[in-house]
Amino acid sequence: LRAIERMMRENGITVPLFTSDGPNDGMLAGGTLPDLLKVVNFGSRTGEAFEKLREFDPGKPLMCGEFWNGWFDHWGEQHHKREVETVEAELKNLLELDASFSFYMFHGGTNFGFTAGANHDDGYEPTVTSYDDDALLTEWGDYTPKYHAVRKMLHEAAGLSPEPLPSSPALQNIGSVRLTQSASLLEQAELIGERHEAVSPRTMEQLGQNSGMMLYRTRVAGPYGSGTLFIDGLHDRAHVFLDGRLLGVIYRNDERQSVQFPAIPRQGATLEILVEAMGRVNYGPKLLDRKGITGCVRLNNQQLSHWEIFTMPLNHLDRLQFADNVSAQKPAVLRGTFAASSRADCFVHLDGFTKGVVFINGFNLGRYWKIGPQQSLYLPGVLLKEENEILVLELDGTETDTISITDSHKLG
């Protein structure tokens, strides 16, 4: 904290500084500086939170640095909702105490591309693409009942008369879009990735990559009896292939990060492991969250070595060579085109798809995953043109070749 304060001051920051942490002894003792104003973050029990703050900073102004009027979602959870009445009750307490506060969040947002983070408590919990957060304004900037209730309370507290509000954002309904072309990700790894060689697996960071996917490839000598393939230190999700055949999918949270391995013939076989990096852990003791394979790959107890590694940040999908069909092979990039009559916002729905990433005119909208709670991806109208390209990287297989782009949003 001292180093951060010093760097800010040395770089010309002259405004008053404050620390912002949770209202308990551990966070306030470890997350503050004696000579700086302290504020606390909470979403309920306002009186208790400020009582604890006063123990550490008596006689100073009261402030809630993050007033949690909602919360974010992890994949596989229920969508978080906070009732309007509970927000009103805590806001009333803040106003009566004449405390300052900052809504977290006031405006919902989007973790476009691969910017979503993760938590790690009992297990790895990656955050969804949407950062709706059940905020006062939606992800696309529309009003919510919570917004209107808070606006009314703030006007009354300040003795102000409300002005007319701007109109809600315009939305458009494009309809069904068929994906008519496809390209195999494995077969074209050389086109969209950079090739490296290493004796042992390397992480993304060791090879200068920030996000996306990595393909690990090696030759397994034969003959070799059947057994179990282990990935030690998988971050975060892997598809395992032998001579192009999928053996299984391993996830970081699996109790055993392994797949069964068939017997290898005398001539040997090619092993390929496609690793998807999901959100980096952004809080707690597991912050050092390197991506890819952080340990080794073992066939039974034998470490496999001499790897070709392709770094694939997925920012060169324009190099793919598409065939005029939708291949059943997976993972695959599926391509389609559609017209848009306006630049109004809309939402991409992927019913029948399993897990992957969507790109509109080269822009990465983010991840989808059928386990929810997010069921559609926000498509800002500023990305649209009269004629548009959509690419869908589907990792696990799809029941359909058609997506839909509509004016309705699904979350939870």
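I take buried to mean under 20% relative accessible area. Asn119, at 12% relative accessibility, therefore counts as buried. The model I am reading is a predicted one.

**Entry 1: Asn119**

I began with this residue and its surroundings. Asn119 sits in strand β6, residues 117-120. I looked for a polar partner of its side chain. The side chain of His74 makes a polar contact with that of Asn119, at 2.7 Å. Next I listed what Asn119 touches, leaving out residues up to four places away in sequence. The list holds Phe72, His74, Tyr124, Glu125, Val281, Asn282 and Tyr283.

**Entry 2: Gln374**

Is Gln374 buried or exposed? Its relative accessibility is 5%, so I count Gln374 as buried. I place Gln374 in the loop between β26 (363-369) and β27 (376-379). I then checked its side chain against the backbone. A polar atom of the Gln374 side chain lies 3.2 Å from the backbone nitrogen of Thr129. The side chain of Gln374 also reaches the backbone oxygen of Ser376, at 2.8 Å. For contacts I left aside neighbours within four places in sequence. Gln374 is then in contact with Trp75, Val128, Thr129, Ser130, Trp369, Lys410 and Leu411.

**Entry 3: the chain as a whole**

I stepped back to the overall figures. The protein chain has six helices and 29 strands. Its C-alpha atoms fill a box of roughly 80 × 50 × 40 Å along the principal axes. Of the 412 residues, 51% are buried. The accessible surface comes to about 19,700 Å². Carbon and sulfur atoms hold 49% of that surface. I also looked at contacts between residues at least 6 apart in sequence. Of these, 76% join residues at least 24 apart.

**Entry 4: a sheet of four strands**

I picked out an open sheet with the order β1-β2-β3-β4 and parallel pairing. Which strands stand at its edges? They are β1 (18-21) and β4 (100-104). Each has a single partner strand, so one side of each is left without a neighbour in the sheet. On average, neighbouring strands of this sheet are turned by 20° against each other, direction ignored.

I went on to the pairing of β3 with β4. Strand β3 covers residues 63-68, and four bridges join it to β4. The two strands run parallel. Cys64 stands opposite Phe101 in β4. What packs on this sheet? Helix α4, residues 84-96, does, and it touches β2 (37-42), β3 and β4. The direction of α4 makes about 175° with that of β3.

**Entry 5: salt bridges**

How many salt bridges does the structure hold? I find 28.

Lys146 and Asp134 meet through their side chains at 3.0 Å, N to O. Lys146 lies in helix α5 (residues 145-158), and Asp134 in the loop between β8 (130-131) and α5, so the pair ties together parts 12 residues apart in sequence. Lys146 counts as buried, at 4% relative accessibility. Asp134 counts as buried too, at 8%.

Glu156 and Lys152 form a salt bridge at 2.7 Å, N to O. Both lie in helix α5, four residues apart, about one turn of the helix. Glu156 is exposed, with a relative accessible area of 54%. Glu156 is exposed, whereas Asp134 is buried.

Arg252 and Asp236 meet in a salt bridge at 2.5 Å, N to O. Arg252 is in the loop between β15 (245-251) and β16 (258-261), and Asp236 in the loop between β13 (234-235) and β14 (237-242), so the pair ties together parts 16 residues apart in sequence. Both residues, Arg252 and Asp236, are buried.

Last, I traced the network. Which residues does it link? Salt bridges connect Glu190, Arg195, Glu197, Arg217, Glu272 and Glu308.

How values were computed. Residues are numbered from 1 along each chain as its sequence is written. This is a predicted model: local features need pLDDT of at least 70, side-chain atom pairs count only at pLDDT 80 or more; totals for chains, interfaces and linings use all residues. Side-chain values use heavy atoms; hydrogens and water are left out. Two strands pair if DSSP finds at least two bridges between them. Axes are lines fitted to C-alpha atoms, for helices over the stretch in contact, and angles run from 0 to 180 degrees between N-to-C directions. Contact means heavy atoms within 4.5 Å. A salt bridge is a side-chain nitrogen of Lys or Arg within 4 Å of a carboxyl oxygen of Asp or Glu. Buried means under 20% relative accessible area, exposed over 50%, partly exposed in between (1.4 Å probe, protein chains only). A polar contact is a pair of N or O atoms within 3.5 Å; within protein, one must be able to donate a hydrogen and the other to accept it, and residues adjacent in sequence count only if both atoms are side-chain atoms. Accessible areas come from the Shrake-Rupley method with a 1.4 Å probe; for residues, only the protein chains shown count as cover.
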